[in-house]
Amino acid sequence: MDLDVFVSAHRAEWDRLDALLRRRRRLTGAETDELVTLYQRTATHLSLIRSSAPDPQLTGRLSQLVARARSAVTGTRRASWRDVTRFLTEQFPAAVYRARHWWVPTALLSTAVAALLGWWIGTHPEVQATIAAPAELRELTRPGGQYETYYSSHPAASFAAQVWTNNAWAAALCLILGVFLGLPVIWILFQNMLNLGVGFGLMSSAGRLDTFLGLVLPHGLLELTAVFVAAGTGLRLGWTLIDPGPRTRRVALAEEGRAAIGMAIGLALVLFVSGAIEGFVTPSGLPTWARITIGVVAELAFLAYVYVVGGRAARAGDTGDVEAHERSATVPTAA
């Protein structure tokens with residue numbers, strides 16, 4: 001294709017479309033029809049130039065023109081409470097439900113790794129010696145030691161906010177970094193399991209495993225589940241890069257990436273609940289059985305939310321992606 005001839009032949013149409021988009025007054029019916037027609041033609045022209053004679057400057061200009069025209073044709077849309085309701089009752093739980101074949105095995109394997117690390121540390125004094133000096137280990141694990149006072153060493157509200165921020169950031173990293181073939185996700189997950197295993201091993205070696213579980217389980221069940229969901233979704237995103245299935249790699253990554261972003265928002269809400277439990281319930285004066293019961297109820301509620309509400313939404317066809325009219329327009333492909 002001769003680019004100069006093509007530009008000369010269609011420049012008047014592009015200029016006319018630009019002029020219509022700049023109109024400050026309301027367009028007439030005829031002008032609106034003309035704008036739609038010119039938008040469709042310009043989108044086709046952009047596709048032809050990209051495929052036959054790519055020119056960065058011209059492609060940039062037409063891309064902006066097509067984007068402006070699309071905004072004018074489709075209009076802008078503001079989020080409403082209906083969107084929030086749909087996200088919480090359909091999109092987010094459906095996305096978590098669809099990813100269950102990734103995050104459930106991730107949870108089981110990670111828990112096994114943490115338990116194995118805890119057993120190894122708890123039964124091998126030489127390993128404990130590499131973690132800290134004997135005096136420091138006693139200070140960590142004694143009654144009223146650092147493992148116990150950690151949860152009550154700061155005001156509950158600020159502690160809950162700090163915990164929520166840290167966990168939400170870790171979950172977001174798992175979702176975002178999954179695109180790098182999932183390798184950073186595995187590292188983040190291992191670090192979390194190592195920290196859990198160290199606490200498990202040291203407290204069990206001091207004969208205080210019951211105290212450790214009483215401190216971790218109330219908030220840890222829901223918190224770790226959210227981390228496992230984020231990690232499993234990040235791994236699935238990385239696998240999409242390797243095997244996109246029947247979709248093109250670009251389309252597959254776009255769809256799964258949009259769903260992952262939505263999950264990051266939803267998991268931030270889940271981690272807000274676990275952070276509140278960690279800040280207000282874990283260090284409270286409630287009996288251990290009551291604190292653990294609160295954690296179990298929160299965990300079961302989340303699982304029911306995913307498998308009942310999310311399962312129903314997924315079977316109805318919801319994938320966790322945004323609605324079709326909110327996605328980027330697909331530029332027509334030249335034959």
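# Reading a predicted helical model

Modeller: His-219 is found in helix H11. Helices here are DSSP runs (H or I, at least four residues), and strands are runs of E of at least two, numbered from the N terminus. This is a predicted model: local features need pLDDT of at least 70, side-chain atom pairs count only at pLDDT 80 or more, and totals for chains, interfaces and linings use all residues. Residues are numbered from 1 along each chain as its sequence is written, and side-chain values use heavy atoms, with hydrogens and water left out.

Biologist: Is His-219 buried or exposed?

Modeller: Start with the cut-offs. Buried means under 20% relative accessible area, exposed means over 50%, and partly exposed lies in between (1.4 Å probe, protein chains only). His-219 has 4% relative accessibility, so it counts as buried.

Biologist: What is His-219 in contact with, beyond its neighbours within four places in sequence?

Modeller: Contact means heavy atoms within 4.5 Å. By that test His-219 touches Tyr-151, Ser-274, Ile-277, Glu-278 and Thr-282.

Biologist: Which residues does the "transmembrane region" annotation cover?

Modeller: Treat such records with care. UniProt positions are given in the numbering used here, feature names are shortened, and annotations may be inferred rather than shown by experiment. The unreviewed UniProt entry lists 102–121, 168–189, 221–239, 259–277 and 289–308. Then check the model. Residues 102–121 are 100% helix and 0% strand, with end C-alpha atoms 29 Å apart. Residues 259–277 are also 100% helix and 0% strand, and there the end C-alpha atoms are 27 Å apart.

Biologist: What span should helix H5 have?

Modeller: The expected span is 1.5 Å times one less than the number of residues. Helix H5 (residues 100–123) has 24 residues, so it should span 34 Å; its end C-alpha atoms are 34 Å apart, which agrees.

Biologist: Which residues of H5 are buried, and what covers them?

Modeller: The buried ones are Trp-103, Thr-106, Ala-107, Ser-110, Ala-114, Leu-117, Gly-118, Ile-121 and Gly-122. Their cover includes helix H4 (81–98), helix H6 (125–131), H10, H11 and helix H13 (288–315).

Biologist: How many salt bridges does the structure hold?

Modeller: A salt bridge is a side-chain nitrogen of Lys or Arg within 4 Å of a carboxyl oxygen of Asp or Glu. The structure holds 14. One joins Asp-18 to Arg-68, with the closest N and O atoms 2.9 Å apart. That pair links distant parts of the chain: Asp-18 is in helix H1 (residues 3–22) and Arg-68 in helix H3 (residues 56–74), 50 residues apart. Asp-18 is buried at 18% relative accessibility, whereas Arg-68 is partly exposed at 34%.

Biologist: Where does Asp-318 sit, and where is Arg-86?

Modeller: They form a salt bridge, closest N and O atoms 3.1 Å apart. Asp-318 is in the segment after H13 and Arg-86 is in helix H4, 232 residues apart. Asp-318 is buried at 8% relative accessibility. Arg-86 is buried too, at 17%.

Biologist: Which residues form the nonpolar patch on the surface?

Modeller: Patches take residues with over 30% relative accessible area and no salt bridge; like charges are joined within 9 Å, nonpolar side chains (Val, Leu, Ile, Met, Phe, Trp, Tyr) within 5 Å. Areas come from the Shrake-Rupley method with a 1.4 Å probe; for residues, only the protein chains shown count as cover. This patch holds Leu-181, Leu-183, Ile-186, Trp-239 and Ile-242, with about 510 Å² of accessible area together. Helix H10 (183–205) and helix H11 (209–242) each give two or more residues. Ile-242 lies in helix H11. At 45% relative accessibility, Ile-242 counts as partly exposed.
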